[in-house]
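Please look at the sequence and the model before reading the notes.

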Amino acid sequence: MMDATTRQDSGGRRLRLLVAASCAASGCLIPQDDTLLDSVPEFMNRPPRIIESLVLPQQRFIPDFGANGCELTFEVAVEDPDVDDSLVVHWYVDYNPQDPYRYYVAVPLLNSSAPLRADRGRLTISLESANNPLGTPGYHLVEALVTDAVLLNRVVQPRPVRLPDGTFMENPGFVVTYAWTVNTVQGPCR
């Protein structure tokens, strides 16, 4: 009789252990964070790009500017997946590292609410105009720097973004470049 009681108690003990184990397992849930966002976080910035097939002039080396024409137009077409970004094309001619703040001209691109901007970054230089940067015979470097942030000393500056918890993080800015080498020669332009 003792043997039957022991077996019955052993079965009850197993049942109690099983119930205790299931209660312990369900009580070990990881608490969830119930903090609600006040607003949707800002997307991280993505870089613009220059579409090389639409760049003018197509050749990167212009060997005889001034011999066959007196005017030269440079143009870049830009695409940016962040359609609300403000894009600016900074044109540099013969960049001087001793004077990094000096660019020739800055051209803002109009926002077309599409990745491919309808507006083009355009620079036209005429040898017939006074004080043009390509007027002296020889080699010149013409650069287009397209940026979606502030450009300081040819270095793009990140934008601080306030997070819902009150802290800040940096949203990077980007700059992309395209360059041409121009050899100005004596010709009928002057």
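Which residues of the largest nonpolar core touch the most other members? They are F74, V76, W91, L134, V142, W180 and V182, out of 27 residues in that core. The model is predicted: local features need pLDDT of at least 70, side-chain atom pairs count only at pLDDT 80 or more, and totals for chains, interfaces and linings use all residues. Residues are numbered from 1 along each chain as its sequence is written, and side-chain values use heavy atoms, with hydrogens and water left out.

**Nonpolar cores**

- A nonpolar core is a set of buried Ala, Val, Leu, Ile, Met, Phe, Trp, Tyr and Cys residues joined through side-chain atoms within 4.5 Å.
- Buried means under 20% relative accessible area, exposed means over 50%, and partly exposed lies in between (1.4 Å probe, protein chains only).
- In the largest core, F74 and W91 are among the residues that touch the most other members. At least two residues of this core come from each of β2 (61-65), β3 (71-76), β5 (87-93), β6 (105-109), β7 (121-126), β8 (138-147) and β13 (175-184).
- Strands (E, at least two residues) are DSSP runs, numbered from the N terminus.
- Another core, of five residues, lies apart from the largest one and includes Y92, A149, L151 and V156.
- In soluble globular proteins, nonpolar side chains tend to be buried together.

**A nonpolar patch on the surface**

- Y101, V150 and L152 form a nonpolar surface patch, with about 330 Å² of accessible area together.
- Such a patch is made of residues with over 30% relative accessible area and no salt bridge, its nonpolar side chains (Val, Leu, Ile, Met, Phe, Trp, Tyr) being joined within 5 Å. Accessible areas come from the Shrake-Rupley method with a 1.4 Å probe; for residues, only the protein chains shown count as cover.
- L152 belongs to strand β9 (residues 151-152). This residue counts as partly exposed because its relative accessibility is 41%.

**The sheet**

- Five strands make an open sheet in the order β2-β13-β8-β5-β6, with mixed pairing. Its edge strands, β2 and β6, each pair on one side only.
- Two strands pair if DSSP finds at least two bridges between them.
- Strands β5 and β6 run antiparallel and are joined by five bridges. V88 stands opposite P108 in β6.

**Salt bridges**

- A salt bridge is a side-chain nitrogen of Lys or Arg within 4 Å of a carboxyl oxygen of Asp or Glu. By this rule there are six salt bridges.
- E79 and R49 meet through their side chains in a salt bridge (2.8 Å, N to O). The pair links distant parts of the chain, 30 residues apart: E79 is in strand β4 (residues 78-79) and R49 in strand β1 (residues 49-50).
- At 24% relative accessibility, E79 counts as partly exposed, and R49 is also partly exposed, at 44%.
- E75 forms a salt bridge with R120, with 3.8 Å between the closest N and O atoms. E75 lies in strand β3 and R120 in the loop between β6 and β7, 45 residues apart.
- E75 is buried because its relative accessible area is 10%, whereas R120, at 22%, is partly exposed.
- R154 forms a salt bridge with E143, the closest N and O atoms being 3.1 Å apart. R154 is partly exposed at 22% relative accessibility, while E143 is buried at 11% relative accessible area.
- Salt bridges with shared partners join E75, R120 and R122 into one network.

How values were computed: Helices (H or I, at least four residues) and strands (E, at least two) are DSSP runs, numbered from the N terminus. Patches are made of residues with over 30% relative accessible area and no salt bridge: like charges are joined within 9 Å, nonpolar side chains (Val, Leu, Ile, Met, Phe, Trp, Tyr) within 5 Å.
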